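Reader: Could you take me through the interior of this one, slowly, and then work outwards from there? I'd like a close look at who packs against whom.

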Amino acid sequence: MVRAIFNRIYWPMARASFSANRRFWWPYGLAVAVMLALFTVVCNIAQTPYARDLSSVALVMQYGRWVTAIFTLVFVLYGGSFIQGMLRQEMQLYNILGLEKGHIRRLMAVIQGTFSLLAATVGLALGYALSFFFLLFLTRLTGQDQLSLDLTLAGFLETLAIIAGILLVNSLLAILRVGRPVKSRTFLKRHRRLGKALAIGQSLLALACLGGGYWLSMTVTSGIEALRLFFLAVLLVMAGTWLLFSGALVLLLEGLQKRPGFYYRQGPFMTIGGILPRVRQHGIALAGVAILLTMAIVSISFTATMYKESDNAVQERLPLDYWAGYSSNTGQGLSILDGYKQLHQVSRQAEAEIRRFSDQLGHPLAKSHTRYSYTFFAKKTGYAYRLADTDGGKEGCFIQLASVESYPGPRPGLGEVICLTKEAPAKTLTLGGQTYRCKTLSQEDRKRLVKALYGTDDATFDMVGALLFSNEEAVFTALQGLQAERADGRVIMNADLHWSLAGKASDETYLAPLKETLQAQSPEGMDPPQVNSRANLLSEFLYLNGAVLFIGILLGLVFMTGVVLVTYFKQISEALADRRRYHTMQEVGMDEGMVRRVLGWQTLILFALPILVACIHALAAYPMINLILRTIGFNSANSYFFVIIPVVLAVVLAYIAAYQLIARTYRDILIRHSH
């Protein structure tokens with residue numbers, strides 16, 4: 001009986017609804033299927049051994065999976081609300097014809113169930129097909145010979161459950177909306193005009209929010225401060241964008257209308273007169289498009305810069321082909337001076353063993369050097385630093401002591417120190433009860449020294465300041481002063497051994513046995529040394545940054561799909577509202593070519609505004625993002641600038657292509673319904 005009712009009543013009515021509203025269902029279904037496919041791709045890639053075996057990559061993939069799921073849900077619900085608005089009159093007609101609310105809800109359940117089944121099937125099938133393509137792309141990004149999918153039933157069921165949850169939420173909301181009184185819809189009915197005082201207030205608040213976000217980006221000088229203020233700046237810019245399109249832009253257009261000499265000309269009269277009601281109707285949608293475009297540009301540019309700078313980042317960390325790192329922490333039964341002596345003794349033994357082992361295998365050392373550093377947390381009073389008993393706090397900072405003995409350029413003399421901190425250096429400073437004169441360096445000498453020490457002249461000293469002495473004896477004297485102040489103080493002591501070989505050696509025959517030898521010789525109480533090669537470290541960076549770029553590109557695609565979805569529905573609602581205007585223009589004597597030009601200019605301007613605002617946002621965020629990338633070591637020579645420009649161009653071209661397709665649909669609706 002139930003099956004017969006379904007076949008004779010609900011299914012024919014649902015099929016008729018799909019056919020009558022195919023102009024809305026097809027784009028919506030395609031957008032939902034694409035988003036579900038991208039989500040499926042992330043889930044499938046997260047199941048590969050590549051993602052499971054590396055905790056950092058697994059974390060990136062999990063983050064990407066849930067962010068993709070959240071934005072997919074948002075866009076599905078947005079499109080679903082539009083579809084429900086378009087179906088509301090149809091459902092009311094069924095109510096007039098005698099269907100009860102329960103019957104209409106069953107019909108809506110059939111419609112939503114059919115759509116969800118088709119969207120999930122197409123999305124999963126497309127996602128599994130695209131997974132192989134994206135796996136090849138990820139293989140190229142990570143520099144690996146081959147990556148393989150490891151698809152499991154459990155992974156498929158988990159992906160299916162999340163997709164079903166997204167579509168179920170959308171279906172339940174659609175069913176619950178049935179029978180509710182008709183409310184004014186922002187996409188079909190005009191907003192009431194804002195009062196002048198409210199419009200001015202919104203405009204001033206928009207300028208304040210945008211100016212505040214831009215000011216934070218332009219004026220921040222510390223990488224840590226940039227990380228802390230980044231999300232505040234994002235919130236300010238998002239709020240300012242919403243207020244800009246819903247208030248300030250309306251006020252500007254109304255102001256132009258009140259200038260008779262400008263407004264009462266054919267071009268401005270027709271263009272502004274048509275744009276103003278559209279901005280009142282769709283200001284929030286325009287702001288959403290601008291924000292999504294900005295997110296697409298920034299997410300792709302940021303992750304692409306990290307990937308692009310992997311080689312430079314490795315070069316900064318390992319200037320030569322091989323590295324061995326020893327570390328010792330004082331303060332736990334080990335005094336500062338005893339830790340210093342132990343570290344130097346162990347590092348000298350390691351240098352001798354590396355040289356002997358390399359000569360024995362027929363690969364003598366071509367270059368080698370050892371760098372020592374001593375880091376502690378200091379309480380700072382003015383320019384006096386005292387060894388503290390905590391690892392963080394607002395009253396102090398981390399200070400690193402090092403020698404510049406083996407580096408070219410000016411060096412401090414007796415009783416002098418070179419101060420590399422984010423504050424302007426003083427004439428003198430006190431460390432461990434001893435007073436030192438701060439040697440002043442020219443900007444060029446400072447850059448050269450920082451380049452020699454840290455591998456880049458873009459190094460920042462937000463997290464750790466550096467005090468550089470003329471030689472190790474001067475550093476030892478400073479450590480003596482620290483121990484005299486606090487005998488049980490904690491100092492992290494590091495010895496970094498860098499070397500290159502005259503020839504090439506494989507990891508199996510050289511690095512692996514050398515690592516075992518050095519770790520076996522490590523004394524008790526000291527952590528085993530870390531041994532690595534530049535080639536291995538680059539491979540690790542590409543593994544991680546390839547995953548980060550992969551997620552950034554997928555999120556960019558999700559955002560761009562959302563842009564197309566929001567823009568399409570906005571234009572469709574405008575086309576439906578403009579049919580009467582189109583007919584009126586023809587009745588007052590405007591020929592069809594003139595009408596098309598006027599509406600074309602209106603559509604073009606409304607398309608251009610979001611992408612223009614998005615480009616301004618992305619470029620305004622450049623200083624802050626540039627500083628964040630420098631702080632985490634992925635932006636030598638400001639390469640973010642050279643990445644964001646082609647990304648902006650690519651997004652603009654994709655947006656223009658979407659404009660051409662959507663504008664054609666807009667014109668078809670107007671012309672078809674006008675004849």
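**The nonpolar core and what surrounds it**

Author: The largest nonpolar core in this predicted model has 108 residues, and those with the most contacts inside it are Y28, Y50, M61, L293 and F550. Helix α16, residues 534-587, gives the largest share of this core, 19 residues. As a rule, nonpolar side chains in soluble globular proteins tend to be buried together. Another core, of 46 residues, lies apart from it, and L387, F469, A478 and M526 are among its members.

Let's stay with Y50 for a moment. Skipping neighbours within four places in sequence, Y50 is in contact with V57, M61, L138, T142 and L147, and also with Y543, G546 and A547.

Helix α16 deserves a second stop, at T567, which has its place there. T567 counts as buried because its relative accessibility is 3%, and the cut-off for buried is under 20%. Its side chain reaches the backbone oxygen of V563 at 2.7 Å. Not counting residues up to four places away in sequence, T567 touches V289, F607, Y655 and I662.

Beyond its neighbours within four places in sequence, S328 is in contact with L334, Q342, V491, I492, M493 and M526.

On to the charged pairs. There are six salt bridges by the rule used here, including one between the side chains of E158 and R65, at 3.0 Å from N to O. E158 lies in helix α6 (residues 153-177) and R65 in helix α4 (residues 55-96), so this pair ties together parts that are 93 residues apart in sequence.

Another of the bridges joins the side chains of K308 and E309, at 3.6 Å from N to O. Here K308 is partly exposed, with 45% relative accessibility, and E309 is buried, with 2%.

R356 pairs with E353, their closest N and O atoms being 2.4 Å apart, and both residues lie in helix α12, three residues apart, about one turn of the helix. R356 is partly exposed at 42% relative accessibility; E353 is buried at 9%.

E351 also sits in helix α12, which covers residues 336-360, and E351 is partly exposed, at 31% relative accessible area. Its contacts, leaving aside neighbours within four places in sequence, are T370, Y372 and L497. E351 and H369 are 18 residues apart in sequence, and their C-alpha atoms are 9.2 Å apart in space.

Finally, the outside. L619, F641, F642, I645 and L649 form a nonpolar patch on the surface, with about 490 Å² of accessible area together. Helix α19, residues 639-674, supplies the largest share of that patch, four residues. L649 lies in helix α19 and counts as exposed, because its relative accessibility is 52% and the cut-off is over 50%.

Stepping back, the chain has 19 helices and ten strands, and 50% of its 675 residues count as buried. Of the contacts with a separation of 6 or more, 81% are between residues 24 or more positions apart. The chain exposes about 32,500 Å², with carbon and sulfur atoms supplying 61% of it.

Methods:
Residues are numbered from 1 along each chain as its sequence is written. This is a predicted model: local features need pLDDT of at least 70, side-chain atom pairs count only at pLDDT 80 or more; totals for chains, interfaces and linings use all residues. Side-chain values use heavy atoms; hydrogens and water are left out. Helices (H or I, at least four residues) and strands (E, at least two) are DSSP runs, numbered from the N terminus. Buried means under 20% relative accessible area, exposed over 50%, partly exposed in between (1.4 Å probe, protein chains only). Contact means heavy atoms within 4.5 Å. Accessible areas come from the Shrake-Rupley method with a 1.4 Å probe; for residues, only the protein chains shown count as cover. Patches are made of residues with over 30% relative accessible area and no salt bridge: like charges are joined within 9 Å, nonpolar side chains (Val, Leu, Ile, Met, Phe, Trp, Tyr) within 5 Å. A salt bridge is a side-chain nitrogen of Lys or Arg within 4 Å of a carboxyl oxygen of Asp or Glu. A nonpolar core is a set of buried Ala, Val, Leu, Ile, Met, Phe, Trp, Tyr and Cys residues joined through side-chain atoms within 4.5 Å. A polar contact is a pair of N or O atoms within 3.5 Å; within protein, one must be able to donate a hydrogen and the other to accept it, and residues adjacent in sequence count only if both atoms are side-chain atoms.
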